[in-house]
Amino acid sequence: MAGQNPPPSITVDTSMVTDSSSQQQPHSQTMLTPPSTAQGSDMLSPTTPTQSNFDGVTLHSRSPSMVASEATRFRSGSTNTYVQQTDLKLDPPEEALRPDPGNEKDFQVEHNPFAFSPGQLNKLLNPKSLSALAALGGPRGLERGLRTSFTAGLSIDEQRVEGQVTFDDATSLDKQTASPTSPESSEGVLPAGDVKGQFEDRLRVFKDNRLPKRKPDGILKLIWGAYNDKILILLSIAAAISLALGLYETFSVGHGVQWVEGVAIIVAITIVVTVGAANDWQKERQFAKLNARKDDREVMVIRSGRTIQVSVYDVTVGDIMHLEPGDAVSVDGIFLSGHGVKCDESSATGESDQMKKTAVGEVWQQIQNGTATRKLDPFIISGSKVLEGVGTFVVTSVGVNSSYGKIMVSLQTENEDTPLQVKLGRLANWIGGLGSGAAVLLFFILLIKFLAALSGNEGNSAQKASEFLDILIVAITVIVVAVPEGLPLAVTLALAFATTRMYKENNLVRVLRACETMGNATTICSDKTGTLTQNKMTVVAGTIGVDQSFAASNAQDTTEKPVASFGAIFGNLSRKVKDLVRASIALNSTAFEGEEKGVPTFIGSKTETALLSMAKDNLGLDSLGAERANANTVQLIPFDSKRKCMGVVYQTEGGYRLLVKGAAEIMLSKASDAISDIYSEDSTTKPMSTEDRERLSRIIDEYAQHSLRTIGMLSKDFPQWPPANAKRHEDDKNMADFDDLFSDMTWVGLVGIHDPLRPGVIEAVNQCRKSGVVVRMVTGDNITTARAIATECGILRAEDDAVVMEGPKFRQLNDEEMDNVIPRLRVLARSSPEDKKILVGKLKAKGETVAVTGDGTNDGPALKMADVGFSMGIAGTEVAKEASSIILLDDNFASTITALMWGRAVNDAVKKFLQFQITVNITAVILTFISSIASSDNASVLTAVQLLWVNLIMDTLAALALATDPPTEKILERPPQPKSDPLITHNMWKMILGQAVYQLVVSLALYFAGMTIFGYEGDVQRRQLDTVVFNTFVWMQIFNEFNNRRLDNKFNIFEGIQRNFWFIGINCIMVGGQIMIIFVGGAAFRIERITGTQWAISILCALPCLLWAVLIRCVPDKYFGGPFDATVNFLTVVLRPVIAGFHFVLHPVAQLFRGIGRVTRRMFKKNKGVEEDEKVSASDDAEKAGVGAVRHQAMPTVFSTEPTRTGPVPVPEVKIN
C-alpha cells in the first residue's frame, strides 16, 4: 500500500505447517525418546501436528489447532516467509536481539556449544517480545538452539556437549529440518538425581539458578561497626588524652605508672568491641545457613522422558518444568503446553491482571498465518505465581540472568527489627537517658568540687589536667555502663539460637518476628488433612452405583449390612462400567507416575494417589501415561476449593464425556441419574429415586462418622463439545463454562478414604489446652467427618460448650452473631479460604494472637493475616509457603508445639537478661555516683576499667548465657501473655529492685564502714578494701545471674542447668576472668592483691543474694504491684519537668553528635564509590529489563540470597520477598 513500509522480513519455521485437511496420526509412544535418540522429523515438540491433544504423562494439553491457514504464503526456493500485516508488527531480528548498553558481555560467550547466548535469551523477556521469539527461530529454533527436547527434556546423561549448534543452524529453515545435534555425554552415564558433573557446559554458559551470595561483612568492618558508637569514641578520646598525660607525667618525673590506666581503658574498649564484632560475625554466618535452607525446595522437571523432582538450584536452561497451581516460578521460560494456565505477575512486572498463557506452538502458528495479536503471551516470567491451570515450559534464563534475578541483584534488602527489638530499643533509650542524666549530674557535681578545691591544689598543671580528665572518664564510663546496648544483642542471640534449634525440630522460620510472637499465641486454626492426620490415604470402602458396596477386609463396618470385598465387586464389573470408573480416576487427576527413592509410585495429591492405587490394584490400570495418551482430552476443569470438585472432558466414540469428582455430598446434590446393572455389558442409567438418594446420604454419613474422607464420582455425555447453547469462556471460546453444565449429572459411585491421625496429635492438642491455647479445626471436609476427627484428636470434648459449624452458614452470620459464636467455635467444616480469612480477622479483632496452618494457594490471605502463619513443607504450595512465617517441614501439628515452646523461650530469655541488666545498671550507676561524690579526690570505688569489665559481663557474656536456655515442657504449663502486658512485669520489678537494694546496701556498707568493721588502717588496706568492694560487686552479679534463670516465684534456679553448656561455659569464663583480674590486674585495674580472708569476705558477702532472692519470691506479686504502681505514677509526675529540662539542655549536644556521625558516614561511604557505581549500573539494567513497578515485598522466594547487614547488631532478613 502506498505510503506504508512493507511488512518486515523474518525467518520463520514452516516445517510444522501442514495442509489443513491433514489428519492427525495416532499418538506415538516415541514421545518419551531422550534427546540423544530423537532425530530428524522424529524430534517431537508441542507444535508437532501428529501429537494428540494432551501429553499422556503430564496431562498437559496440546492445542489441536496447529495447522496452517490460507493466510500463510510461501515463496519457492526461499528460506523466508512473509506474513500478513496484523496489529502485531515484528521488529527485524537484528533489532529484536540488539544488546542493551551495558549488557554487551551477556551476548559474548567463548566456546559456546549452544546457538544462543544468555543475553539473546534475555531479550525474550526484556520486555516480553514476540519479535525476539521470531528472531530466535520460534519453538523449533529454541528446541534446537538449546539442544533439548520439548517432550523428553534434557538427558540425565549430559555432562559436556560435543560439537556446536550455530545461530544460523537453529534459526534457518533448511537447517531446522535437518537432523538436530543432540548433546552427547563425554563421560559415563549418571544416575537420575545425581547432579554432580551434570550439565557442565550449560552451567558454564547459562549459569546455575542461584544468585551470587552477598559478600558478608569482614571482621574488620564488623569491628568498625561495633566501635562506631559516639559514647565509645568519646571514651577513647578521653583515654588517649589520659594516656598522653600519664606518659608526660612519667617521663617528666622519671617514674610512675599513671599511663597504665589510659592503656587499660583502650585495651578494655578493644576487648568489648572485638567480642561484640565476633558475635556479629558468628550470627552473620548462622543466618546465612538458615537462609540457604529456607530458599531451597523441590521442583518437577522432565529429564530423559521421566518426570523427576530436583532442587530448584539444579534447574538449568533447556529443562522442561511443570507448572501447577500455587507454584512460585523461579526461572524465565516459554510456555509449551498445558491448559488454563493463568499467572499473577504483579510482583515481577507490576501488572495486576491475571495473565493467561498461550502455548508457544499456537502463538507461532498465528504468527505464521498472520493472525497473531499483541495479547498473545507464551512467556513465563520468574517471580510470578501460578494461579490456576497445569502445563509445562522450557527454561530460558536462570539465576542472575533471569528477570527476577536481575531485580534481586540490583536491590538492597534492608533489615527490619522485630517487635520485641523495637520495644527493647525504646526501653534501652529510656534507661540510657536516665543513666546519661545521672552521668551529667555526676560530672557537674564533681566539676564543682574540683573547681572549688582548685585554689588549694598544689599539683602541677599536668596533674590538675589528669584529675579533671579522671572526672570526665568516670562520667563517660557511667554512660557506657548505663546504656544497655546488650538488649538488642540478647534478642538477636535468642532468635539465632531458637531458629537454629527449631529447624532441627522441623520448624523453618522465615520471618523472625513469628518466633517471638508464637510464644504468646492464644489460638491455633489448624487444617485437618496432613496436619492433624498423616496424609497417608487409602481407599478402605466404597459404593458403585447406588447399592453395590465394598470394603477392605481390615476396615470397620461402615454400612448397614455386610459388604463385599474389593475383588468381589471389581472382579465382576462389566467392562463398560470398569472403564468408566477407571477413566473417572485416571483421566480426572493431576497426579502422575514417578519414583521416590527408586521405587515407582504415584506423585501428587494424596487423595488422588490413593484413588490411582485402587485403580491399579483393582481396575486394570497398567500405565497411567498410556491411559491418558489413548484418551483424546479436550478440556480440564482444575480443582476449585469453592466448589470442592474437579473435572475433565474427553472424546468418546459417540461424542464427549464430562467426568467430575469431588466432595461426595456435593456430587450427590448435582446428580439426577445413577448407573445401574453394573455387572451387565448392557448397563444403563436410571433416574435416582428419593430412596436411592437417602441410601447414599446414609452411606456418606456413616463413612464420615468413621473419619473417612468421602469422594463422589459423576459423569455426563454430550453429543458435541462445547455443547450447543452452553456458556463459553470469555478468553477461550473453545472452552465451555463448567458451572453452566454442572447439573443433572449421572452418579457413578463413591469411595471412603482413611487418613489416620498423626502420632502425637492427641497429646499435642491436649498440651495446647493446658497451655491456654485454643485449637480450632478449619477443614474442607463435610461436617460429620470433621466432627469425628475433632472428637478423636481431642479438639471437641463432651464437657465443652463447643460449636461445630459449616462454612456457608458461618459466612452468613452478622457481626453480632459471629461475636457470640466465635469464642465457642471449635470446628468449621466445608469451609472456603475466605471463611478462614474471616475467622482469623474476627479473632484478631477480639485481641487474640492467632496462628494459622494452611497448604493451599487460596490459604495465602489467611496465612498473611494471621499473627503467625504455618505452611506445610511437604504438601504446601509455594504461594502458601511465601505467605507464611514458619514452614512445618514435616506437616505435623505437633511441630506447632515446638514453635510455641521456643517462642516462649525467646521471650523468657530476653526478660531474664533484661531483669539482670537493669539490676546491674541501677547498682553500678548509683554506687559510682555516691562513691565519687563522697570521695575526697572525686574517684569512684569502681574505676573506669573495672566498670568496662562489668559492662562486658552484663552486655555480652550474660546475654550469651541467659539467651541460650532451652525450653522445658514446664514452660507450656502457664497461659499465654496478652498483647497488652508490659515488657517488665511486677514480678520482674520485684526482683530487680530487691536485688538492687541488697547489692547497694552491701557495697556501700563495705565502702564506708569496711575500714571500721575490719579494723583496717593505711592506704594499702584502703586499696585492698576498694578491691574487696569491686570483687564483691562482680560476684554478686555472677550469683544474681543464677537468680535470673527463673522469672516466676519458684525456688529451683538450677533446673535444667546441666543441659545449657553455654551458660556453664560462660560462667566459667566470667569466674576465671575475675580471678585473673584480682591476681594480676594490678595498676591497670587499680587492684591491690587481697588475702584469703578478704577473698572469703567477698564471696560470703555476695553469696547471700541467692537466699535474698528466695525471700523476694515469697512476697506475693499483688502486695508489691499496688505500691509500685502508685510510686511510679508519682515519680512520673515529679520527674516530667526534670526530663524536659534535660532534653532542652542535651538536645543541642545530641544534634552535634548526629552531625559528626553524618560526616563520618559520608567519609566512610566515599571509600565504597566503585561499589555504589556498580549498584547504580545494576539498577539501571533492571529498569531496562522492563520490570515495571517492582513490588519487592510481594516477591516470592526463589533464590538463595544473603541479607545486607547494617550496624553492629544485625537482624537477619529471613523473609526475602
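Histidine 111 lies in the loop between α1 (93-96) and α2 (118-122); helices (H or I, at least four residues) and strands (E, at least two) are DSSP runs, numbered from the N terminus. The model is predicted, so local features need pLDDT of at least 70 and side-chain atom pairs count only at pLDDT 80 or more, while totals for chains, interfaces and linings use all residues. Residues are numbered from 1 along each chain as its sequence is written, and side-chain values use heavy atoms, with hydrogens and water left out.

Backbone geometry

Most residues other than glycine have a negative phi, and most peptide bonds are trans.

| Residue | Phi | Relative accessible area |
|---|---|---|
| Histidine 111 | about 50 degrees | 70%, exposed |
| Aspartate 744 | about 50 degrees | 52%, exposed |

Aspartate 744 is placed in the loop between α24 and β20 (745-754). Tryptophan 721 and proline 722 are joined by a cis peptide bond, with omega about 0 degrees. Proline 722 sits in the loop between β19 (708-718) and α24 (738-741).

Nonpolar cores

A nonpolar core is a set of buried Ala, Val, Leu, Ile, Met, Phe, Trp, Tyr and Cys residues joined through side-chain atoms within 4.5 Å. The largest has 120 residues, and Met518 and Phe893 have the most contacts inside it. Helix α32 (residues 894-934) supplies the largest share of this core, 16 residues. Leaving aside residues up to four places away in sequence, methionine 518 touches (heavy atoms within 4.5 Å) Ile524, Ala851, Val868, Phe870, Thr896, Ala899 and Leu900. A second, separate core of 58 residues includes Leu323, Val341, Val360 and Phe393.

Notes:
Buried < 20%, exposed > 50% of the residue type's maximum accessible area, 1.4 Å probe, protein only.
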